[in-house]
Amino acid sequence: MSDIVADLLRLSEDPNADPRTRRRQTMERLVQTLLAMADVQMGSEDPRHRHSIIHLTTIIREMTGRIAEADDATFSAIVREAAMLIRSLQRRQADAARFTAH
């Protein structure tokens with residue numbers, strides 16, 4: 001899996017896009033990333049973990065418009081927290097993979 005945190009934090013490739021559009025794109029990437037991580041958890045022994053990711057993803061998806069319109073400090077804090085969550089999930093998946101027989 002590529003460095004999804006870097007992908008998440010990368011802004012729009014369109015230099016003419018307004019900040020709100022770039023923020024929406026960032027939040028859409030976050031939702032896509034979390035959904036992909038939930039898919040990886042499909043065979044997980046703990047279905048609550050997958051459910052938690054899906055629940056969080058739903059909340060973010062529903063709030064994308066408000067998040068995109070937030071002030072800079074709030075938006076940055078949300079993205080930082082999301083990046084920390086994704087890194088944590090990546091570490092958990094890596095740890096679980098070490099103990100999974102293929």
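Arg24 lies in helix α2, where helices (H or I, at least four residues) and strands (E, at least two) are DSSP runs, numbered from the N terminus. The model is a predicted one, in which local features need pLDDT of at least 70, side-chain atom pairs count only at pLDDT 80 or more, and totals for chains, interfaces and linings use all residues. Residues are numbered from 1 along each chain as its sequence is written, and side-chain values use heavy atoms, with hydrogens and water left out.

The protein chain contains four helices and zero strands, and its elements run α-α-α-α from the N terminus on. The predictor's confidence in each residue is expressed as pLDDT, from 0 to 100. Its average over the protein chain is 77, and 74% of the residues score at least 70. Where pLDDT is low, the predicted coordinates should not be read in detail.

Of the 102 residues in the protein chain, 31% are buried; buried means under 20% relative accessible area, exposed over 50%, and partly exposed in between (1.4 Å probe, protein chains only). Contact is taken as heavy atoms within 4.5 Å. Among the contacts in the protein chain with a separation of 6 or more, 65% join residues 24 or more positions apart.

When neighbours within four places in sequence are left aside, Met27 is in contact with Ile60, Thr64, Ile67, Phe75 and Ile78.

The pairing of α2 with α3 comes next. These two helices pack at an angle of about 170°, with their axes 9 Å apart; axes are lines fitted to C-alpha atoms, for helices over the stretch in contact, and angles run from 0 to 180 degrees between N-to-C directions. Because of this angle, α2 is roughly antiparallel to α3, given that angles under 35 degrees count as roughly parallel, over 145 as roughly antiparallel, 65 to 115 as roughly perpendicular and the rest as oblique. By class, their contact has 12 nonpolar, three polar and six charged residues. Here Ala, Val, Leu, Ile, Met, Phe, Trp, Tyr, Cys and Pro count as nonpolar, Asp, Glu, Lys and Arg as charged, and the others, Gly among them, as polar. The residues of α2 that meet α3 include Arg20, Arg23, Arg24, Met27 and Asp39.

Arg24 itself counts as partly exposed because its relative accessibility is 33%. Apart from neighbours within four places in sequence, Arg24 is in contact with Thr64, Gly65 and Ala68. The C-alpha atoms of Arg24 and Ile67 are separated by 8.0 Å, although these residues are 43 residues apart along the chain.

Arg23, also found in helix α2, counts as buried because its relative accessibility is 11%. Not counting residues up to four places away in sequence, Arg23 touches Ile67, Ala68, Glu69, Ala70, Asp71, Asp72 and Phe75. Of these, Glu69 is placed in the loop between α3 and α4. With neighbours within four places in sequence left aside, Glu69 is in contact with Arg20 and Arg23.

Asp39 is likewise found in helix α2 and, at 49% relative accessibility, counts as partly exposed. Its C-alpha atom is separated by 9.7 Å from that of Ile53, 14 residues apart along the chain.
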